[in-house]
Amino acid sequence: MEPSANPDPPSLDPAAEAPRSPPPQQEPDPKKPRMSSNTTTSDDDEEAAAAAAAAAADADDTSRKPRYKRRKVAIFFAYCGVGYQGMQKNPGAKTIEGDLEEALFHSGAVPEADRGHPKCYDWARSARTDKGVSAAGQVVSGRFYIDPPGLVDRLNSNLASQIRIFGYKRATSSFNAKKFCDRRRYVYLIPVFALDPSTHRDRESVAASLWSGNELVKCSECSERGRKVVGVMGKRNFQLRGWVGDVNGCGEVTNDSDEAKVESGVTSNDCCAVSDVNGSGEVTIDSDETKVESGITSNDCCAVVGTEVKEGIVDSSSNGIDDKSNSNVIDKVDTSSVVDNVVSADTAPADLDTSSVVKLDGEIAETIVRGEEKPVTGSGYCYGEEEKERFNRILGYYVGTHNFHNFTTRTKAEDPSARRYIISFDANAVVTVEGIEFVKCEVVGQSFMLHQIRKMMGLAVAIMRNCAPETLIANALQKDVKINVPTAPEVGLYLDECFFASYNNKWKDSHEELSMKDYEKEAEDFKMKYIYSHIGLTERKEGVVALWLHSLNYRNYPDLRAGDQQELTENKSSE
């Protein structure tokens, strides 16, 4: 049997059998090289990297403002109230608060979102002031951005010159300028002549005094109805102005443009009245020159009393006559004393020196005799010790806790807010502003209502002028009595300082004291430059207080006649 054919043995030659190739693979994406801390770079690369980082930082600074934190602060400032409708913000009116809020916004202390919304930054004021009332030590508080430095300068640059920021002090987060204020001190400057009963009397009093032996003279500085006389009020140019009275109807008055010639009488340059006793006088009024051929010359008070003296010619515009202040102006003439003491240089006895003094209204006044000028005083009223004692006694009636419903508006006697506590009220100092003497009345109290201080001053002045009895103040403070109290002008009133005694005592170890001690000099300079000068100039030019004095009569204030509470009750029941 033949063996079967075996298959061919596998070939041992590797070339004889072709190898199989694996499928193709895709190459992986190249990875970004990782920066190693050990990687070294060249100097050029380092400079480029630094420049890029600086550019990025500058771009961030320009696009993002620095963030500051709000701080609770108390701002101390002063203002002159002329031209403003008071301190408190009032829509549609120009107020101190309105201007201050805008200045805070433009200075960066208040953000745009809070503009016009004072509650958002805890706004509070220590005191409110009426229209035209000034302040030398006002305080407001709130949460403001006080950085960057220079906030006070930025605020002053955005405010009028009559509003000045003195500085600010950090306070506690709960501080409120209104709630934490213990006391407020106000000052009222009243002219000295306002306390003189003989000056600026109303026409009823002048008419009633005729032929009484103590005649009053109508005031030529003010109009009869208490309105300003254009071109006359406040002028101090030594012109003879006023009314001319002829007792028996025979006098003659003419106006001339060259000179004023007075044949018989007394001339005055401020508050004048000319009266021809014997009916033979002739008066010529001029705006340039005044000649006096007989009589007595005075710069402050006038009364013409007929005599036979013909001595001396005086140019009223000369520098030899002092320009007296309004405090020396009088309108009261005691004709009997003048006639008894005015003598003629020709008919005088030999033993009488005609250059001696004469009595005018109870005061010493030297005449112009033999061509020599000698000084003549006015009423001579001054705020002496006797007047000071009486005025302080009157103001003392207000001290203590009382119901001041008669000294404000829109507050009833039953309202608890009508009860106020007055700590002190005195008038011990006299200051001279613009040639006018003012009595400085300081009142300190916990808080005050609308018009309260002005009405307190109005009634006190009425009593000093003998228009009302002193007992009227005690009656006006009664709860069941209603009295119409006169209101003094606002121009003389200003807020002097606000006190935070309790707060300072509690936080004296951790916070600085809130007071005006650090700003005393700035406040005093501001008072003299703006507040005092405004009060003096306003009185000199417009005569605000002088005009107001003419309204202190029984026609306008019939309650001033009342002497006791029963009479007041009867008057009200009859009405």
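Tutor: Strand β1 (residues 71–79) and strand β4 (residues 163–170) are antiparallel and are joined by 7 bridges. Within that pairing, Ile75 stands opposite Tyr168 of β4. Please keep in mind that this is a predicted model.

Student: Which other strand pairs with β1, and over how many bridges?

Tutor: Strand β3 pairs with β1, also in the antiparallel sense, over 8 bridges.

Student: How many residues of β5 are buried, and what follows from that?

Tutor: In β5, 8 of the 9 residues are buried, so the strand is largely enclosed by the rest of the structure. Its pairings can be read as before. β5 and β16 are antiparallel and pair over 8 bridges, with Tyr188 opposite Cys441 in β16. β5 is also joined to strand β17 (residues 493–499) by 6 bridges, again antiparallel, and there Arg184 has Cys498 as its bridge partner.

Student: How should I read aromatic rings, and how many aromatic pairs are there?

Tutor: One looks at the distance between ring centres and at the angle between ring planes; planes over 60 degrees apart count as edge-to-face. The structure holds 17 aromatic pairs. In one of them, the centres of the Tyr186 and Phe448 rings are 5.4 Å apart and the planes stand at 85 degrees, so this pair is edge-to-face. The pair also links distant parts of the chain: Tyr186 belongs to strand β5 (residues 183–191), while Phe448 is in the loop between β16 (436–445) and α7 (452–464), 262 residues apart.

Student: Are these two residues buried or exposed?

Tutor: A residue counts as buried when its relative accessible area is under 20%. Tyr186, at 7%, is therefore buried, and Phe448, at 16%, is buried as well. A further edge-to-face pair is formed by Tyr383 and Phe391, because their ring planes stand at 90 degrees, with the centres 6.4 Å apart. Both Tyr383 and Phe391 are buried.

Student: Which residues do ring pairs link into a cluster?

Tutor: Ring pairs link Phe175, Phe180, Phe500 and Tyr503 into a cluster. Rings may also be read together with charged side chains. The charged end of Lys169 sits over the ring of Phe76, 5.9 Å from the ring centre. Arg183 lies over the face of Phe499, at 4.5 Å from the centre of that ring.

Student: What kinds of residues make up the lining of the largest pocket?

Tutor: The lining divides into 10 nonpolar, 13 polar and 11 charged residues.

Student: Which features of the backbone deserve attention?

Tutor: One may look at the peptide bonds and at the phi angles. The peptide bond from Asp147 to Pro148 is cis, with omega near 0 degrees, and Pro148 is placed in the loop between β3 (134–144) and α3 (151–157). His451 has a positive phi of about 65 degrees, although it is not a glycine. His451 lies in the loop between β16 and α7 and is partly exposed, with a relative accessible area of 22%. Asn466, likewise not a glycine, has a positive phi of about 65 degrees and is found in the loop between α7 and α8 (471–476).

Student: How far apart are Ala103 and Asn158 in sequence and in space?

Tutor: Ala103 and Asn158 are 55 residues apart in sequence and 5.3 Å apart in space, C-alpha to C-alpha. Ala103 lies in helix α2 (residues 96–106) and is buried, with a relative accessible area of 1%.

Note on methods. Residues are numbered from 1 along each chain as its sequence is written. This is a predicted model: local features need pLDDT of at least 70, side-chain atom pairs count only at pLDDT 80 or more; totals for chains, interfaces and linings use all residues. Side-chain values use heavy atoms; hydrogens and water are left out. Rings of Phe, Tyr and Trp (its six-membered ring) pair if their centres lie within 6.5 Å; planes under 30 degrees apart count as stacked, over 60 as edge-to-face and the rest as tilted. Helices (H or I, at least four residues) and strands (E, at least two) are DSSP runs, numbered from the N terminus. Buried means under 20% relative accessible area, exposed over 50%, partly exposed in between (1.4 Å probe, protein chains only). A charge sits over a ring if NZ of Lys or CZ of Arg is within 6 Å of the ring centre and within 35 degrees of the ring normal. Ala, Val, Leu, Ile, Met, Phe, Trp, Tyr, Cys and Pro count as nonpolar, Asp, Glu, Lys and Arg as charged, and the others, Gly among them, as polar. Two strands pair if DSSP finds at least two bridges between them.
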